[in-house]
Amino acid sequence: MTTLRGLYAITDSQLLAGGKLLPYVEAALNGGARLLQYRDKSSDDALHQREAEALLRLCERYGAALIINDDAELAARLGVGVHLGQSDGSLAAARALLGPQAIIGGTCHARFGLAQQAAKEGASYVAFGRFFESHTKPGAPGATVELLDQAKSHLQLPVVAIGGVTLENATPLIAHGADMLAVVHALFAADSAAEVERRARAFGALFAQD
Ligand SMILES: Cc1ncc(COP(=O)(O)OP(=O)(O)O)c(N)n1
Ligand SMILES: Cc1ncsc1CCOP(=O)(O)O
Ligand SMILES: [Mg+2]
């Protein structure tokens, strides 16, 4: 059973192009990441199947959980979790498809009401953000730490903070109750796998201090 706490690494097809996907993800896992989201916004289903299978093998070696972005059917074929945004299909349908044990996450942008709805539909965690300027998704609505406070006091679900999170700005998010930090750029925009591992370890250490 995966603990929904700590660094939540999210892949990026541009940053990890040119053969970096597996070595950089392995470095993040070596650095302690135990939750990995496969996120590729292309519509190449065969590529998604192939890459997700390879990531699943890697995650299994490290005892990490794999979450597929956007595609509950691919998640069902692999027997892993899924993350769904507001236009990616119903969380309740994903729960029915994937079963009670699956990790299912929902995007709640900056709206507490969306998190209440996600909880009702059986989400395993709720995700708020973006909290800071994001290279990866610059248009995402802005959230504040007060939303984290509200979610922690009124919902019994782990809370994810996403969007422009770096080693320098993450501490207040954790102090306001973020259980997981979902990170793309500040983890994977690195010149070497060794640097990804170092960053993953440093993100993990932020939770150890908590
Ligand atoms: C952990 C986590 N939180 C939010 C998102 C964003 O999901 P969504 O709004 O569906 O946008 P895309 O990622 O699909 O572009 C996420 N993927 N993961
Ligand atoms: C997918 C997503 N949803 C809101 S912000 C974001 C991107 C997060 O990437 P980064 O950590 O590079 O800002
Ligand atoms: Mg989506």
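Trainee: Buried means under 20% relative accessible area, exposed over 50%, partly exposed in between, with a 1.4 Å probe and protein chains only. Which residues of α9 are buried?

Mentor: Val196, Arg199, Ala200, Phe203, Leu206 and Phe207. They cover an arc of only 110° around the axis, which puts them on the same side of α9. The arc is taken over the directions from the helix axis to the C-beta atoms.

Trainee: What kind of model is this?

Mentor: A predicted one: local features need pLDDT of at least 70, side-chain atom pairs count only at pLDDT 80 or more, and totals for chains, interfaces and linings use all residues. Residues are numbered from 1 along each chain as its sequence is written, chains are lettered from A and ligands numbered from 1 in the order in which they are written, and side-chain values use heavy atoms, leaving out hydrogens and water.

Trainee: Back to α9. What sits on the face turned away from its buried side?

Mentor: The exposed residues Ala194 and Ala208.

Trainee: And what covers the buried residues?

Mentor: The cover includes β1 (6-10), α1 (21-30), α7 (171-175), β8 (180-183) and α8 (185-188). Contact here is heavy atoms within 4.5 Å. Helices (H or I, at least four residues) and strands (E, at least two) are DSSP runs, numbered from the N terminus.

Trainee: What span should α9 have?

Mentor: At 1.5 Å a residue, its 16 residues (193-208) should span 22 Å. The end C-alpha atoms of α9 are 23 Å apart, which agrees. The expected span is 1.5 Å times one less than the number of residues.

Trainee: Now α6. Which residues are buried there?

Mentor: In α6 (residues 145-154), Leu147, Leu148 and Ala151 are buried. Their arc is only 105° around the axis, which puts them on the same side of α6. Ser153 and His154 are exposed, on the face turned away from the buried side. Among the elements covering the buried residues of α6 are α5, β6 (125-129), β7 (159-162) and α7.

Trainee: Which phi does Asp70 have?

Mentor: A positive one, about 75°, although Asp70 is not a glycine. Most residues other than glycine have a negative phi. His109 also has a positive phi, near 50°. His109 lies in the loop between β5 (104-107) and α5 (112-120), and is partly exposed at 23%.

Trainee: Whole chain, then. How many helices and strands?

Mentor: Nine helices and eight strands. Buried residues make up 51% of the 210 residues. Among contacts between residues at least 6 apart in sequence, 60% join residues at least 24 apart.

Trainee: What about the radius of gyration?

Mentor: The chain has 16 Å; a compact globule with 210 residues would be near 17 Å, which agrees. The radius is taken over C-alpha atoms, and the rule is 2.2 Å times the number of residues to the power 0.38. Along the principal axes, the C-alpha atoms fill a box of roughly 40 × 40 × 35 Å.
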